[in-house]
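Here are my notes on this model. Please read them with the structure open.

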Amino acid sequence: MRLTTGTADAALDQRLSDELDRVNAAATPGLAPAEELTVRVTDDDGELVAGVSGWTWGVAAGIGMTWVREDERGTGVGRRLLDAFEDEARRRGCAHVYVTSFTFQAPAFYERAGYRELFRWDDVPARGIADVHLRKDL
C-alpha cells in the first residue's frame, strides 16, 4: 500500500462520493438517494447575483454554500434565495434544513430566517472565530 497526500483531487472526491452512496443506500433501503439542490439568482445581464447549493436526502436538507453579491446584501435577495431553497426542500419531503456558517459569515442571517443554533466549534478555523451549526424545522 502507498499513502499519498495532496490538494484538490476531483477523481478522488467522485470515487469517495460513489462509495459512500453505496454504503448509504445499503443502510437506508427504500430511501431515495441524496439529490443536489441549487438555487441561483441572476441579473438582467445573466450575471450571478446570489446562489445556494446543497442537498436533500430523506427528510433532511443541507446547505453547503450560500453567497450573495456584495452590492445586493441587505436587499432581501438572500432571503428570497433561502425561501426558494426551503420551498423546494419541503416539496421533496424534507422536514428540516441544516447549515453551518462561520461567525464572520452569516449566522445572524440564518437566525433571522428561523434557524436555531445547535452548537458551535470555537476557534475554527482560527482563534476568535467559530463554526456555527444551525437547523430549521420546515
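**Notes on the predicted model**

1. Start at A10. Its relative accessibility is 65%, so A10 counts as exposed; the cut-off for that class is over 50%. This is a predicted model, so keep that in mind throughout.

2. A10 belongs to helix α1, which covers residues 10-27. T100 is 90 residues away from A10 along the chain. The C-alpha atoms of A10 and T100 are 23 Å apart.

3. Next, the core. The largest nonpolar core has 23 residues. Those touching the most other members are A50, I63, L82, F85, Y110 and Y115. Two or more residues come from each of β1 (35-42), β2 (48-57), β3 (60-68), α2 (77-91), β4 (96-102), α3 (107-112) and β6 (130-137). Helix α2 gives the most, five residues. In soluble globular proteins, nonpolar side chains tend to be buried together.

4. Which residues does Y110 touch, leaving out those up to four places away in sequence? The list is I63, T66, L82, V99, S101, Y115 and L134. Y110 is itself one of the core residues that touch the most other members.

5. Now the surface. L118, F119 and W121 make up a nonpolar patch there. Together these three residues have about 300 Å² of accessible area.

6. Is L118 exposed or partly exposed? L118 counts as partly exposed, because its relative accessibility is 39%. Partly exposed covers the range between the buried cut-off, under 20%, and the exposed cut-off, over 50%.

Terms used: Residues are numbered from 1 along each chain as its sequence is written. This is a predicted model: local features need pLDDT of at least 70, side-chain atom pairs count only at pLDDT 80 or more; totals for chains, interfaces and linings use all residues. Side-chain values use heavy atoms; hydrogens and water are left out. Patches are made of residues with over 30% relative accessible area and no salt bridge: like charges are joined within 9 Å, nonpolar side chains (Val, Leu, Ile, Met, Phe, Trp, Tyr) within 5 Å. Accessible areas come from the Shrake-Rupley method with a 1.4 Å probe; for residues, only the protein chains shown count as cover. A salt bridge is a side-chain nitrogen of Lys or Arg within 4 Å of a carboxyl oxygen of Asp or Glu. Buried means under 20% relative accessible area, exposed over 50%, partly exposed in between (1.4 Å probe, protein chains only). Helices (H or I, at least four residues) and strands (E, at least two) are DSSP runs, numbered from the N terminus. A nonpolar core is a set of buried Ala, Val, Leu, Ile, Met, Phe, Trp, Tyr and Cys residues joined through side-chain atoms within 4.5 Å. Contact means heavy atoms within 4.5 Å.
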